[in-house]
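This report concerns the strands, the helices packed on them and the aromatic side chains of one protein model. The sequence and the structure are shown first.

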Amino acid sequence: MNDKVVIPRIPTGISGLDALLGGGLAELSFNIIAGSPGSGKTTLAHQMMFAMAGPQRKALYFTVLGEPSLKMLRYQQQYDFFDVAKIDHDIRFVNLGDEVLQGDFGRVLQRIIEEVERFEPGLVFVDSFRSVAQAASETGRGIVELQHFVQQLGMHLTSWQATTFLIGEYMDVDSEANPVFTIADGIFFLMQSLHRNSMVRKVQIAKSRGQATIAGLHTFRITDSGVQVFPRTLSIARPSAGTPAAEVSPSRLAIGTPLLDEMMGGGLPAGYSLLVAGPSGSGKSILATAFLAEGARVGEKGVVAAFEKGPGQSQSPRLEALVAGGHVGVIDTRALDLSIDATLYSLTELIRSTRAKRVVIDSLSGFELALAPTFREDFRESLHRMVAVLTAMGTTVLMVSELEDRYADLRFSPYGAAFLTDAIIVQRYVEMQGELRRVMAVVKVRNSAHSHALRFYDIGAEGIVIGAPRPDMEALLTGSPHTSVLPVPGPQRAPG
Amino acid sequence: MRPELLAHALGAGSAEDADAGTVATETLRAMGALLGELRPLVGDSAARALYLRSLHLAQSHAARPVSDEPLADLLVALRRELAQLQSAETRAAGGALLSALVDLLVSLIGEPLTHRMLRTAWGVPLAQRPPQEPHS
């Protein structure tokens, strides 16, 4: 018989945070929200409080010597989550400044207990707890007494069945605040770092008793809506073979460019990632748009992360029509200091809401430039994670990669993304009879036969028009091909 | 602050025929109730600071603290001084002081939160709204 105690999880109301916590906040836990000034501790605490508090779970928010209460209320009510209707009934603010100033832990504890007995909250916040600790050191009271106080506080509040948060300006989880951190069941560590001109916020669940969390640092943003966390990994199950989505999805997707499906051995396998690499002007975005348009034609929704042009800026008329027709969703990529996790979160949310099957990232170069500098260092690893998550969701991903034409070597991506993807199409310029001509080849389709031919192509009003194979031509990849016998014919239109 | 809200706060002290003592007592009761709501929220020293700021804004000649006189003593002194005035003057001074505190709170934490405090402190019904938030 399994008679283990069940620890209920309380949804925190913060997007992404519950995933980090393994499903939510452990009820009756004793937590610390730590971080440097301005890292978002009070905002995080308020947002959780307003989300979790209600008639059945009231909240007491003790303010100490940190931010003055009136200022805190003045600024916190600017956030969307601040619900004035909950004040007094479900949420009550109490100032402990006078008790703390006297440095008498017993009196502070007594006041907290009195207020808790009177209001009977299910949630208790003490902000800033660091002020209590500092008052202890200034009055000559030792760390032992502080530890005793924290133990007593934890014991009383757990007895009163209150989930508790101590909020404090702790810069380091490991050192100075050990006595407090030892007692805590959970530690939320918030940090913000400046790298060149960009500022990035990250959160770490440094400790969480009795529940599995997602380890590591996770980026978060603070907007008018409050805190939004972007978990570094997303647990997404692959769709099973028996799901309706899997049944209606073809094993191969038509890519929307005539003859290219044939070159790929019958289309792009569903759930694959495809890298389209080529120099500027070679038609990568046109190919990507055709991929989305073909999806729209067969009733498959698409999502595009366009880093070359932001939403509202002029896209290609064809893509604009797809977006306007509701066939393709566009994620906003204009935020400053973007992180891969924030982009991935936006993509997965839009894929879920639209049930999209096709995803385009245009381009990796633009994506890298949109990222805060600190995230560029891990771009390759992050790309790997992103591709894994998107394909695990059952989408087929087309990524565009800007490629400098180098005739001395054959490269597909400056990010080493080639090995991360299941298929590769490469586009190049070649010089022919005093003109620049374009050639394209399918380099790789994992576990599939495909054409190895280099094909000339043109870009016309209807998109990419691929010509016939030219086995008579040599040295195409040197940039200066030549024919052995026959003259070069013009491109051929695809049948049908 | 609107006249009807002030009348509600002053209770019997708002009557035309109320004597200065009654007006002063009711003013102190209203002020004490509102400060009583504020004290747990902001602490004693912040409540005292808000009271002193209200005195300044109302251009009241009521007693200023000589040192760190407690808020309770300041309120006793305020009552004594208000009671020495003519009843109309007491009503005007008390009203100005209460209005100043309410307006100050509205400017700091906004109308909805201030109204929540007035509901508890003065028993202001839901329909009776405090003054509009001042425009900067």
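Ser273(A) lies in strand β14 (residues 273-278) of chain A; helices (H or I, at least four residues) and strands (E, at least two) are DSSP runs, numbered from the N terminus. The model is predicted: local features need pLDDT of at least 70 and side-chain atom pairs count only at pLDDT 80 or more, whereas totals for chains, interfaces and linings use all residues. Residues are numbered from 1 along each chain as its sequence is written, chains are lettered from A and ligands numbered from 1 in the order in which they are written, and side-chain values use heavy atoms, with hydrogens and water left out.

Ser273(A) has a relative accessible area of 0% and is therefore buried (under 20% relative accessible area; exposed is over 50%, partly exposed in between; 1.4 Å probe, protein chains only). Apart from neighbours within four places in sequence, its contacts (heavy atoms within 4.5 Å) include Val387(A), Thr391(A), Leu420(A) and Asp422(A).

**The sheet containing β14**

Strand β14 belongs to an open sheet of nine strands, in the order β16-β15-β17-β18-β14-β19-β20-β21-β22 (chain A), with mixed pairing. Two strands pair if DSSP finds at least two bridges between them. At the edges stand β16 (328-330) and β22 (463-469) of chain A, each with a single partner strand, so one side of each has no neighbour in the sheet. From one strand to the next the twist averages 25 degrees. Six bridges join β14(A) in the parallel sense to strand β18 (residues 396-402) of chain A, and Leu275(A) stands opposite Met399(A) in β18(A).

Helix α11 (residues 284-297) of chain A packs on this sheet, and the strands that it touches include β14 and β18 of chain A. Its direction makes about 165 degrees with that of β17(A); axes are lines fitted to C-alpha atoms, for helices over the stretch in contact, and angles run from 0 to 180 degrees between N-to-C directions. Helix α13 (residues 340-354) of chain A also packs on the sheet, touching β15, β16 and β17 of chain A, at about 160 degrees to β15(A).

**The other sheet**

Another open sheet has nine strands in the order β5-β4-β6-β7-β3-β8-β9-β10-β11 (chain A), again with mixed pairing. Strand β4 (residues 59-63) of chain A runs parallel to β5(A), joined by five bridges, and Phe62(A) stands opposite Val94(A) in β5(A). Helix α5 (residues 105-119) of chain A packs on the sheet and touches β4, β5 and β6 (123-127) of chain A.

**Aromatic side chains**

Over all chains the structure holds ten aromatic pairs. Rings of Phe, Tyr and Trp (its six-membered ring) pair if their centres lie within 6.5 Å; planes under 30 degrees apart count as stacked, over 60 as edge-to-face and the rest as tilted. Two of the pairs are tabulated.

| Pair | Centre to centre | Angle between planes | Class |
|---|---|---|---|
| Phe50(A) and Phe82(A) | 4.6 Å | 45 degrees | tilted |
| Phe307(A) and Phe367(A) | 4.5 Å | 15 degrees | stacked |

Phe307(A), in the loop between β15 (302-306) and α12 (317-324) of chain A, is 60 residues from Phe367(A), in helix α14 (residues 364-370) of chain A. Both Phe307(A) and Phe367(A) are buried, and both Phe50(A) and Phe82(A) are buried. Ring pairs also link Tyr61(A), Phe93(A), Phe125(A), Phe165(A) and Phe188(A) into a cluster.
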